[in-house]
Amino acid sequence: MKNIPNVYDAEPIPAPAMQEIERILSSGDLFRYTSENSPVALLETEFAKTLGSTYALAVSSCSAALFLSLKSLGLPRDAKVLIPAFTFGAVPSAVVHADCVPVLCECQNNYRIDIDDFAAKLPQVQAVIVSHMRGHTSDMDAIMALCDEAQVPVVEDAAHSLGTVWDGRNIGTIGKIGCFSFQSYKLLNAGEGGIMITDDPDLIARAVIMSGAYEHNWKKHPVLSTAFDKWQNKLPLYNQRMNTLSAAIIRPQLTELPRRVADGRRNHDHVAERLHQSPWFDVPKKLAKEIRAPDSIQFNLAGLNDDEVSLFVNAAATAGINVQVFGTSKDNARAFWNWKFLGEPPELPQTKAMLMRACDVRLPARLSIEDCDVISEALITAMYRVMQPATAYGT
């Protein structure tokens with residue numbers, strides 16, 4: 001078998017970014033508000049245009065964007081925020097940070113929000129965060145219809161979903177606010193960083209001020225002055241700004257986004273087709289209105305008991321593939337019972353059962369089809385050795 005490809009290294013930073021970083025370092029100009037046309041301001045304009053949104057605010061992380069989104073909505077202290085039980089620990093953390101209370105709803109075996117449980121819990125909440133977890137988009141038509149009728153604002157956690165489209169609309173533009181990540185394993189890599197988008201000038205004005213636009217630095221944002229005047233000195237400053245170096249790294253990657261989306265989708269679909277040849281792998285299909293932009297693959301282990309799951313993970317590791325089972329890998333931040341800062345975990349049997357069999361394997365867009373074949377073969381062989389050892393070993 002060929003060597004297992006490295007799935008952890010990011011793509012090289014484009015040459016124009018390196019040149020811009022050298023210019024910035026030579027000038028020492030690292031603060032976003034030194035000038036109106038700082039790299040951060042340019043990134044906000046370019047990102048909003050790319051997504052088809054009116055306004056954007058670049059911040060220190062997607063967690064910061066989620067936090068500022070909730071604060072900008074003007075929710076009262078201890079407001080309840082409905083989130084999917086399958087998400088990253090940063091999401092409930094952002095809710096807690098915003099002085100709100102997370103309410104968890106069930107997710108299905110396809111990793112998406114269970115609409116019945118969502119609808120049942122919606123009347124008790126004041127806001128919703130929809131996590132398009134690992135790029136799997138829930139039924140946004142159903143979610144938005146329910147939330148619009150209940151007049152509950154929706155924040156999209158699109159950290160994993162840049163480039164994903166739902167029924168012709170970019171993910172992140174469907175709810176009131178969309179939040180994205182530039183962490184190193186995302187399609188656009190700055191190591192850290194995030195951005196929020198919206199069409200609401202009052203909401204973005206609140207977020208800009210709270211992000212750390214003290215005094216009159218908000219004048220360097222292309223938003224209605226009346227919205228800023230309304231909130232001047234009336235909101236706390238949380239200082240979650242992005243610095244110019246991060247923006248300089250991200251901007252040249254925007255032109256790479258279509259290629260990375262296409263290559264990531266190609267890789268995912270190719271591996272999914274290979275895994276479907278085995279009865280023990282179940283790769284959930286995309287929804288009809290969804291065009292995905294994956295940089296990893298998730299699959300469920302079908303018909304395996306707990307011991308067999310462990311044996312498969314070990315066999316894959318021996319072959320050089322790191323398979324993360326969300327519910328069994330130690331202290332996984334995507335398993336809701338590990339969010340001990342929330343207190344006693346709720347009873348969510350459907351989500352828990354899914355997480356005990358749901359696997360995650362990285363498939364970065366830079367991999368070739370040949371690389372994907374090596375990964376697929378290693379996974380299939382590892383499973384075959386566990387589930388049919390006699391045949392596998394020829395005894």
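Predicted model: local features only at pLDDT ≥ 70, side-chain atom pairs only at ≥ 80, totals over all residues.
## Confidence

The protein averages a pLDDT of 95, and 97% of the residues score at least 70; pLDDT is the predictor's confidence in each residue, on a scale from 0 to 100.

Residues are numbered from 1 along each chain as its sequence is written, and side-chain values use heavy atoms, with hydrogens and water left out.

## Salt bridges

The count is 21 salt bridges, each one a side-chain nitrogen of Lys or Arg within 4 Å of a carboxyl oxygen of Asp or Glu. Take Glu11 and Arg259, whose closest N and O atoms are 2.9 Å apart. Glu11 sits in the segment before helix H1 (15-27) and Arg259 in helix H10 (residues 257-275), so this pair ties together parts that are 248 residues apart in sequence. Helices here are DSSP runs of H or I with at least four residues, and strands are runs of E with at least two, numbered from the N terminus. Both residues also belong to a salt-bridge network that links Glu11, Glu256, Arg259, Arg260, Asp263 and Arg266. Arg259 is partly exposed, at 33% relative accessibility (buried is under 20% relative accessible area, exposed over 50%, partly exposed in between, with a 1.4 Å probe and protein chains only).

Asp360 and Arg134 pair up too, at 3.0 Å from N to O. Asp360 is in strand S14 (residues 358-362), while Arg134 is in the loop between strand S4 (127-131) and helix H6 (140-150), 226 residues apart. Asp360 is buried at 7%, and Arg134 is buried at 11%. Then there's Lys230 with Asp202, at 3.7 Å, which links helix H8 (residues 225-231) to helix H7 (residues 201-212) across 28 residues. Lys230 is partly exposed at 43%, as is Asp202 at 24%.

## Cysteines

With a disulfide taken as a pair of cysteine sulfur atoms within 2.5 Å, the tally is zero. For Cys62, the nearest cysteine sulfur belongs to Cys179 and is 5.4 Å away. Cys62 is buried, with 8% relative accessibility.

Cys359 is buried, at 0%.
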